[in-house]
Amino acid sequence: MSFWYDPVAFIAEWLRGVLLGWGMAPEGAAFVLTALGAAIMPLLAMLFVIFLIWYERKLIGRIQNRFGPNRVGPFGLIQPFADMLKIFIKEYITPIGADWLPYNLAPVLSVGGVLLIWAVIPFSATIMGVNLNVGLVYIIAAGGLGALSFLLAGWGSNNKYAMIGGFRSVAQLISYEVPMVVSLLMPVMLTGSLGINDLVKAQTIPFIVTLPAAAAIFFITSVAEAGRAPFDLVEAESELVAGFNVEYSGLKFGMFFVGEFLHAFTISLLFSTLFLGGWRGPGAETYPLLGFLYLVIKTFLVYFVVILFRGSLPRFRIDQMMDLTWKVLTPLALVSLVVTALLAKPLAGIPALQAVVLFVVNAILLMVFFSVAGKRATPKRAIVGKPRPLATPHHEDVSA
Amino acid sequence: MTGLQVVFLLIGAVTLASAVMVVAAKRVMHAALWLILALVGVAAAYATLEASFFAVMQVAVYVGAIAILIIFAAMLTRRSMEDDPARLNKGWPAALLAAGGLLAGLVYLFSRWTGFSSPARALPEGGENIAALGLALTAPEGFLVPFEVASLLLVAAMIGAIYVAGDLRK
Amino acid sequence: MIPLSWYLIFAACLFCIGLFGVLARKNAVTILMGIELMLNAVNINLLAFWRYLWAPKADGQVFVAIVIVAAAAEAAVGLALIISAYRRRQTVNANEMDMLKG
């Protein structure tokens, strides 16, 4: 094994050798390595958020025909550091009547719940925190903690707008968890395993090709889980002041901010792992570093789409949001699950034919549901009066 | 004492302490938070039993769904809770006696039982076999009927909850 | 390895704490929490016996799965009842819910 093929495993092996050379027991060395990995990974993830914030602001700026941050450093790259310093030195304000424990626990949970997911994602053929055989259930469980953080923040702040934000977020997260879990069942069904690495290895044809309906549902529901636009009813500025985080200031607010950006990136990471083939690609098995590169490229493609979503779609109304999950996504997920189960098993012997049939059927299902059910999900508002023009042009005056 | 035993003692202490706090906490919201810690502790105890599926399921179902439901209910009914200073009813010494008596009885029974020496069974390579669990739940010679009854129970509970909590007079 | 007796005593303690909560607390929501603790104690027992006396076969785990289902159903219906009672009586105090007529 050479350093350039697989640097992380190389360094880990070298460190293990050093520790064993010092006379440490093998279990002790393994424990130290695990603890080190567990400390480094979240640290890198949180540092990475600084870059993500810059990237997203720059891109949103471009969408809105602005430059985005461009004053501090080359291309404005140092801007997030300046913001970070500013947020560090701000004052902590705790509102009167706030519930101390939930109020302070919520920001920590909002970041911690997301970081938990990173423990089971395979970054390359060899780099993986824990190879859990129930990795997918673990990811769903970690998603539940995010809902908890919104709820605690809403309750702890002793503010009715925060409380409404908390209620909304829980209604949203619990509703979107249903189609998400059902859509994740489809890749599991084709793979026969709940382990994330097994799911990646099974994707000789990426699941987005064989299961487009599941991929679409997972993408929409995970954007909703992250509470990103167009699903940002939790922090609807125009209705709820700022939602569940009204009363937070300084670094505590910063934690929510970091949690949101990290969550958006994490769902991109999950989507590219579960539906785009993760680290798979030509030569990724022999050169794990290459696999890591593939994963990064795929993830940034998905993240780009997530930002496009945020930049171009208006916010849902709360009834539209509920209609979308209960009247479109959940039925689609259930129908697609049954159809996939019926078709996948008889064709399991011929993978190419299976892939084609599944793709065609699922794509048809997806289109039918989104065009028929999607239009009827929310009843149209009756038009009360005739539309009248806001301003009447005076052509005569202009010419005169 | 091995490392695993120390870990188990820690888990047990944290879980039992938070369970006591669930029962003793003044505000219902805090009791719910302690309940979450206790449930996570139980999940960790499952993990020491190498039942990773149930450890993760415990967090997904109990923390992700049941605890959030309980917090929701606590928030919706908060007005009546804050008025009430006394959190235990008048018969609490009798309750303490009953619980303590039950614990003493159980410990006495344990002390007379001799099956403790049996060592843990060997698990197949790669931990518990989830496929075997799935097969046992759905095979006709396994537990198909209890499984179907359980799903029926869930449907009945869902309909019942909607009927009871929903405002049907409208 | 951890002895089986540790799990049993741990579960017994958890069960008794939950029982005390159910019997002694006034608030209906907290009573429900006590029931959850008791169900969890039962699950620990089931999994411990599965691990020590039954392991490669999945039979013991099936019971745990069904207990979890029952707990979810119980929590949903119980909380719906509490909310419904709160709407009519403005109380979640178990002592005050003593009328048989709505």
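This is a predicted model: local features need pLDDT of at least 70, side-chain atom pairs count only at pLDDT 80 or more; totals for chains, interfaces and linings use all residues.
Local features need pLDDT of at least 70 and side-chain atom pairs count only at pLDDT 80 or more, while totals for chains, interfaces and linings use all residues. Residues are numbered from 1 along each chain as its sequence is written, and chains are lettered from A in the order in which they are written.

**View 1. The contact between chains B and C.** Chain C gives 67 residues and chain B gives 74; two residues are in contact if their C-beta atoms, placed from the backbone, lie within 7 Å. On the side of chain C that touches chain B, helix 1 (4-24), helix 2 (28-53) and helix 3 (59-89) each give two or more residues. Helices are DSSP runs (H or I, at least four residues), numbered from the N terminus. Helix 3 of chain C has the largest share, 22 residues.

**View 2. Helix 5 (residues 92-112) of chain B against helix 1 of chain C.** The two pack at an angle of about 165°, with axes 9 Å apart. Helix 5 of chain B is therefore roughly antiparallel to helix 1 of chain C (angles over 145 degrees, on a scale from 0 to 180 degrees between N-to-C directions, with axes fitted to C-alpha atoms over the stretch in contact). Residues in this contact include B:Trp92, B:Leu96 and B:Phe110 from helix 5 of chain B, and C:Ser5, C:Cys13 and C:Phe20 from helix 1 of chain C.

**View 3. Helix 1 (residues 7-21) of chain A.** A:Gly23, with a positive phi near 90°, follows helix 1 of chain A.

Terms used
Angles under 35 degrees count as roughly parallel, over 145 as roughly antiparallel, 65 to 115 as roughly perpendicular and the rest as oblique. The expected span of a helix is 1.5 Å times one less than its number of residues.
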